[in-house]
Amino acid sequence: MSTEGNGVVSTGSTTRAGSTTRAGSTTPGIAAGGLDEATLAELREITTRYPQPRSALLPMLHLVQSVEGRVTSRGIEACADILGLSAAEVSGVATFYTMYKRRPVGDYHVGVCTNTLCAVMGGDAIFERLKDHLDIGNDETTEDGKITLEHVECNAACDYAPVVMVNWEFMDNQTPESATTLVDDLRAGAEVRSTRGPRICTWREAERVLAGFPDDRADEGPAAGPATLLGLRIAKERGWTAPGGEESGGTGSPADTKQQAQDTSYSDRARSETDIEESGADTAGGKDDVK
Ligand code: FES
């Protein structure tokens with residue numbers, strides 16, 4: 001995701017040559033009441049990536065958000081027209097997934113994980129502090145249009161709890177203080193980097209990447225950090241292997257593991273049945289009673 005200048009692109013700025021992102025603009029090249037031709041062409045282009053064009057709907061909606069700042073009615077209609085769907089079908093998708101927004105989002109979407117692990121590690125406190133500091137509630141945007149605050153579910157980054165995401169980039173191991181500094185820096189236009197390296201771009205720029213138009217920054221930052229790799233390192237140091245690994249001659253694949261579990265289950269059951277028969281135990285209650 002690219003960043004312009006100091007890392008801040010105000011809502012409504014240009015993100016692609018020749019097309020403005022301000023909803024309702026009357027800039028030449030924008031069809032009255034509809035999306036501009038360049039956006040329509042890109043929406044059609046997305047459909048060519050899939051064997052079934054309707055599979056393109058999710059990235060198409062991200063592209064609409066990158067241009068409109070949210071999923072607008074005309075964005076829904078454009079997607080429906082191109083895919084041969086009803087507006088209700090497209091709307092049903094747009095309202096099901098939480099990454100699609102029907103209300104305008106600020107330049108920076110700040111998601112605070114308040115799922116179980118992050119919550120107990122401080123996520124709840126961070127969220128409360130940011131609500132107070134920004135003077136907004138959940139899913140609301142600051143008056144200057146810079147920050148939209150939302151509490152989000154687990155981001156599969158629990159090893160770095162509590163985490164905050166800015167436009168889907170990770171800010172690991174946060175505290176109420178660091179999160180407050182983070183939003184202040186974003187509002188002030190300072191260059192902000194994810195704790196994993198990449199520069200933070202605007203929400204619209206991030207949405208364009210999610211639509212499948214890369215900004216060639218996917219390799220910024222590490223693939224996995226020390227906390228994520230800690231278990232692997234300890235296992236290697238101690239020579240531990242997963243069940244179904246080298247020791248048993250298996251490949252460790254899910255199929256092998258499942259087969260071995262099944263084999264173990266069968267042999268356990270056979271052993272139980274033999275034990276019962278040999279001991280002359282009363283099996284009137286049925287072998288199934290013996291677990
Ligand atoms: S609980 Fe927050 S990332 Fe998993």
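Colleague: Between which two helices does the loop with Thr-202 lie?

Modeller: This is a predicted model, in which local features need pLDDT of at least 70 and side-chain atom pairs count only at pLDDT 80 or more, while totals for chains, interfaces and linings use all residues. Residues are numbered from 1 along each chain as its sequence is written. Helices (H or I, at least four residues) and strands (E, at least two) are DSSP runs numbered from the N terminus. On that basis, the loop with Thr-202 lies between helix H6 (176-188) and helix H7 (203-210).

Colleague: Is Thr-202 buried or exposed?

Modeller: A residue is buried if 20 or more other C-beta atoms, placed from the backbone, lie within 10 Å of its own, exposed if 12 or fewer, and partly exposed in between. Thr-202 has 29 such atoms within 10 Å, so Thr-202 is buried.

Colleague: Which residue in E5 is the bridge partner of Val-164?

Modeller: Strand E4 (residues 164-166) pairs with E5 in the antiparallel sense, over three bridges. In E5, the bridge partner of Val-164 is Met-171.

Colleague: How far apart in space are Thr-202 and Asp-107?

Modeller: In sequence, Thr-202 and Asp-107 are 95 residues apart. From C-alpha to C-alpha, the distance between Thr-202 and Asp-107 is 5.3 Å.

Note on methods:
Two strands pair if DSSP finds at least two bridges between them.
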